[in-house]
Amino acid sequence: TDEGALTELNRVAMAGGRPVHIGIDPSARLAVIPSYHGATTAVFPLNEDGSLEPHSALFTHEGASVHPKRQTRAYPHGVDFHPTLDLAAVADLGSDKLWLYDVDRANRTLVPRDPPAVVMTPGAGPRHLLFHDNGTWLYVINELDNTMTFLAVGRDRAVTAQQRISTLPDSFTGNSTTAELVLHPTGRYLYGSNRGHDSMVGYQVDPADGRLTRIGWTPIGGQQPRFIGL
């Protein structure tokens, strides 16, 4: 409302299991929701007032990777939409893949791409991801090996890895995993959270090619930081 109060418009059943993340496409007509434990990604059309319709698609993810406990099957975790292309990506921690989808606006759903996924570094555990506002860069934070991956997005929507860089100081030897990443509104700085090192890592984004340079760590004053807001 104009006064800032929240009013529930409607609710629908969550297809595929317990949700873990939500992505809204730039036109605000689709909500895409992965289920970590259900190994699925559900697509919900949105009406003009923001209310939800029942799901238009449910994708089941398959695959595994090298971690003996965390990657015995698919675990989709994060989703984001390209700012201008009709393209969506889902980060799958369990299979070490980024699942790619074309946005089908006529049918208000997603369609798997061919090939359907980008294979990440074995054992990385991609958790969350975001497209840069310029549309040519994609960043992924990897939970299990404490890295950030930079990928280039071509005009043909091809996605290719360009750089992988640690989220931790070289001197750190303890246990840690990553969680969230967020881009500064200027597009010049990227941040990620470390759970164990209990810090926020900062990177400078090269304006010419999108590559990352670590610029330091900020202690969060607590433990196990999951999310970052700017």
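At 45% relative accessibility, Gln224 counts as partly exposed, where buried means under 20% relative accessible area, exposed over 50% and partly exposed in between, with a 1.4 Å probe and protein chains only. This is a predicted model, in which local features need pLDDT of at least 70 and side-chain atom pairs count only at pLDDT 80 or more, while totals for chains, interfaces and linings use all residues. Residues are numbered from 1 along each chain as its sequence is written, and side-chain values use heavy atoms, with hydrogens and water left out.

**Backbone geometry**
- Gln224, found in the segment after strand E16 (212–219), has a positive phi near 55° although it is a residue other than glycine; strands (E, at least two residues) are DSSP runs, as are helices (H or I, at least four), numbered from the N terminus.
- Arg108, in the loop between E7 and E8, likewise has a positive phi, of about 55°, and is partly exposed at 23% relative accessible area.
- Pro115, in strand E8, is joined to Asp114 by a cis peptide bond with omega of about 0°.

**Open sheet**
- Four strands form an open sheet in the order E5-E6-E7-E8 with antiparallel pairing, and two strands pair if DSSP finds at least two bridges between them.
- Strands E6 (residues 87–92) and E7 (residues 97–104) are joined by six bridges, and Leu87 has Asp102 in E7 as its bridge partner.

**Gln163**
- Gln163 lies in strand E12 (residues 159–166) and is buried, with a relative accessible area of 16%.
- Beyond its neighbours within four places in sequence, Gln163 is in contact (heavy atoms within 4.5 Å) with Met148, Thr149, Phe150, Arg211 and Leu212.
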